[in-house]
Amino acid sequence: MLEEGTINSCKEAPTIVGEGVTAKKFIMLSGSKVDSYAIIDKTFIGQSVKMGKQYSAENSVFFANCEAFHGEACSVFAGPYTVTHHKSTLMIAGLFSFFNAGSGTNQSNHMYKLGPVHQGILERGSKTGSFAYLLLPDFVGAYTVVMGKHYANFDTTDFPFSYITEEKGKSELTPAMNIFTVGTRRDSEKWPTRD
């Protein structure tokens with residue numbers, strides 16, 4: 001079902017809407033592929049975005065070359081190359097770019113008040129480990145890996161390429177640790193092939 005939407009397609013980069021898609025109040029740009037029962041509501045799908053496998057997106061923006069499968073997004077600003085491939089991953093009220101969401105990644109933005117009141121910013125190239133949790137607002141520095149469950153707010157934008165881990169219920173920052181890992185380089189080599 002397609003309702004109140006715009007699909008921009010061209011011969012060089014056709015847009016494909018596959019089986020079972022439900023989309024309301026949407027824009028899809030050229031080269032994008034949305035299929036396998038994706039549910040889209042008030043969402044922008046940028047150039048060459050791949051979305052499907054029952055992914056649910058509401059009030060969100062996905063810019064060029066993002067991939068979104070299985071999970072869900074609500075009020076997300078997903079910059080280029082944001083990737084989420086896991087059933088239990090929730091991206092909520094955040095700004096992401098070149099982001100890799102680990103399995104079971106989750107955020108909350110209500111601080112036990114009525115309705116959403118906070119947002120998170122995970123700068124370019126950040127990644128979350130499996131079952132990472134962030135209590136928003138949080139500001140994560142570029143190319144940082146977040147692992148564990150974080151029940152306090154933090155701002156690590158002055159510390160790019162770091163690890164943020166959970167140690168005995170507290171958030172711990174290891175500066176520059178991600179400079180030495182293979183993952184950042186491997187991910188940067190993937191981006192041009194997705195373009």
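How many disulfides does the structure hold? It holds zero, counting a disulfide as a pair of cysteine sulfur atoms within 2.5 Å. The legends below come from a predicted model, where local features need pLDDT of at least 70 and side-chain atom pairs count only at pLDDT 80 or more, while totals for chains, interfaces and linings use all residues. Residues are numbered from 1 along each chain as its sequence is written, and side-chain values use heavy atoms, with hydrogens and water left out.

View 1. Helices (H or I, at least four residues) and strands (E, at least two) are DSSP runs, numbered from the N terminus. Along its principal axes, the C-alpha trace spans about 50 × 40 × 25 Å. Of the 195 residues, 43% are buried, where buried means under 20% relative accessible area, exposed over 50% and partly exposed in between (1.4 Å probe, protein chains only).

**View 2. Cys66 and Cys74, two cysteines without a disulfide partner.** A disulfide is a covalent bond between the sulfur atoms of two cysteines. For Cys66, the nearest cysteine sulfur is that of Cys74, 16 Å away. Looking from the other end, Cys74 has its closest cysteine sulfur in Cys66, and 16 Å is too far for a bond. Their surroundings are worth a look too. Cys66 counts as buried because its relative accessibility is 1%, while Cys74 is partly exposed at 25%.

**View 3. The cis peptide bond between Leu136 and Pro137.** Omega here is about 10°. To find Pro137, go to the loop between strand S16 (133-135) and strand S17 (139-140).

**View 4. Tyr37, a non-glycine residue with positive phi.** Its phi is near 65°. Tyr37 sits in the loop that runs between strand S4 (33-34) and strand S5 (39-45).
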